[in-house]
Amino acid sequence: MNAIPSSSGALVVGTGTAGLATALALARQGIPVSLLGPRAPIPAAAGDTYDPRVYAVSPASQAFLAKLGVWDLLPPERIARIESMDVMGAAPSTAPVLTDDAPSSSAASTSSTPGRIQLSAWQGNLPALAWVVEGRELERVLRQAVGVLGVAWTQERFVALGMGDPSAPLEVTTDAGRILRTELAIGADGAESPLRKAAGLSSHGSDYEATGLVVHLDVEQPHQGVALQWFTPDGVLALLPMPDTADGAQVSMVWSMETTQANALLALPAAEQASALAARLQTVAGDRVGRIRVRGTLHGFPLRVRSANPMVMARVALVGDAAHLIHPLAGQGLNLGLGDAAGLAAAITEREHFRRIGDLRVLRRYARARAPALLAMRAATDGLYRLFTPQDPLLGWVRNTGMALVDRLPPIKRALIAGASKF
Ligand SMILES: Cc1cc2nc3c(=O)[nH]c(=O)nc-3n(C[C@H](O)[C@H](O)[C@H](O)COP(=O)(O)OP(=O)(O)OC[C@H]3O[C@@H](n4cnc5c(N)ncnc54)[C@H](O)[C@@H]3O)c2cc1C
């Protein structure tokens, strides 16, 4: 597994989900590929202890993972199926104060009802809207598969990129001083992507000044495969179905809120934190899931949006968070990364026989193929975030009325489900 890669293939820098999936997709097409990055041990899955990072894997991602031969390696008892979604708007207290110039009183009475959209897999003719999978298990099976295919893995870190003559291989220097030569360097090294910076590919974005809090919860009532999401003036709260534990039903919480509020919760001593969080959750969720109890440790992460433009240059391509970072409210970061892996492998496999794998024309085809999905996802998540975050009462009225309307229009609901089922 630790052979030095030859210069005739691709080198994937970064060994998270996007990097492993890209290496696997290329290897399965017979493209020589190797990996560069750390290989931290993955703790064994232990009974009722679940990885705090779980992903909602879309049907397109599930099909791709199945095609790569790894879906069936995931332990089925640790996967939960999302059969429907119930998305709820702001609480009634956020309804606008209407003036003579504002919408009519009949609209006002509608506005005081929080908006709601219900989506289900059967409406979209899908086996599931998504599957909730632990990040740790996904990485484990991807590692297993690249190992079986004999993909070389240099367990060092990328530090520098030598571009040299455009017709010559790139020179990648590792933190151990090793130099690896490659025809194509694929940056899968996360949001801060040292490879992207070294290649001089620019990346733009902003912080939301919001933090995502994640933890698993025991809930009194069975979730029945329903993912719940509340868009409140305080932020976006999602409860995803998880496998039951010995303590009963379990859901995974992702709550994005203002960083100051999140930090105040994170700073509390464990017992106080658990009761404060459960109390706040109960205020938003009401009796929807019954009594809530926090299990495990609360984790926080900053919410940012960022994208590399362009995401390719001759001999360099970016995938996953190295190429784009979106708000996790749609839970699509991993799905976009898997879509990149599939798209890049397709562009390389389908290239003309006389073109090299690092040919800019080949890589631009990959970037063009990914552009619509990336643009749509960025616009949707950023737009939703801005619509739901401000305390502006008119926006509150717009979102609640809009949600109520969408919920009554089956074609729009089907379009939403179809969109969510893609990479
Ligand atoms: C709490 C949370 C919940 C989420 N939920 C969802 C969800 O439900 N659905 C979804 O689709 N997405 C979700 N996401 C987003 C998802 O986690 C990311 O989009 C995804 O993990 C990105 O994978 P990646 O492989 O691109 O990057 P990363 O996972 O960041 O991996 C980058 C890799 O590069 C390596 N690396 C870094 N520097 C170097 C270097 N110098 N040399 C070599 N290697 C290097 C790192 O060690 C790491 O292995 C969630 C994110 C968070 C934080």
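This is a predicted model: local features need pLDDT of at least 70, side-chain atom pairs count only at pLDDT 80 or more; totals for chains, interfaces and linings use all residues.

Reader: Is Gln 273 buried or exposed?

Author: A residue counts as buried when its relative accessible area is under 20%. Gln 273 has a relative accessibility of 12%, so it counts as buried. Apart from neighbours within four places in sequence, Gln 273 is in contact with Leu 265, Leu 266, Leu 268 and Leu 298.

Reader: What is the relative accessible area of Glu 137?

Author: The value for Glu 137 is 4%, and this residue is therefore buried as well. Glu 137 belongs to helix α4, residues 135-148. When neighbours within four places in sequence are set aside, its contacts are Ala 45, Leu 74, Pro 75 and Arg 78.

Reader: How may burial be read for a whole helix, such as α1?

Author: In α1 they number 11 of 12, so the helix is largely enclosed by the rest of the structure. Among them are Thr 17, Gly 19, Leu 20 and Leu 26. Just after α1 comes Gly 30, whose phi is positive, at about 80°.

Reader: How are two packed helices described?

Author: One gives the angle between their axes and the distance between the axes. Here, helix α2 (residues 59-67) and helix α8 (residues 333-349) have axes that come within 9 Å and cross at roughly 45°. The two helices are therefore oblique to each other, and the crossing of α2 and α8 is left-handed.

Reader: Which residues of α2 and α8 meet?

Author: From α2, the residues are Ser 61, Phe 64 and Leu 65; from α8, they are Asn 335, Leu 338, Ala 341 and Ala 342.

Reader: What may be said of the chain as a whole?

Author: The chain has 11 helices and 20 strands, and 51% of its 423 residues count as buried. Of the contacts between residues at least 6 apart in sequence, 76% link residues at least 24 apart. The accessible surface of the chain is about 18500 Å², and carbon and sulfur atoms account for 57% of that surface.

Conventions:
Residues are numbered from 1 along each chain as its sequence is written. Side-chain values use heavy atoms; hydrogens and water are left out. Buried means under 20% relative accessible area, exposed over 50%, partly exposed in between (1.4 Å probe, protein chains only). Helices (H or I, at least four residues) and strands (E, at least two) are DSSP runs, numbered from the N terminus. Contact means heavy atoms within 4.5 Å. Accessible areas come from the Shrake-Rupley method with a 1.4 Å probe; for residues, only the protein chains shown count as cover. Axes are lines fitted to C-alpha atoms, for helices over the stretch in contact, and angles run from 0 to 180 degrees between N-to-C directions. Angles under 35 degrees count as roughly parallel, over 145 as roughly antiparallel, 65 to 115 as roughly perpendicular and the rest as oblique. A crossing is left-handed if the near helix is turned anticlockwise from the far one by less than a right angle, and right-handed if clockwise.
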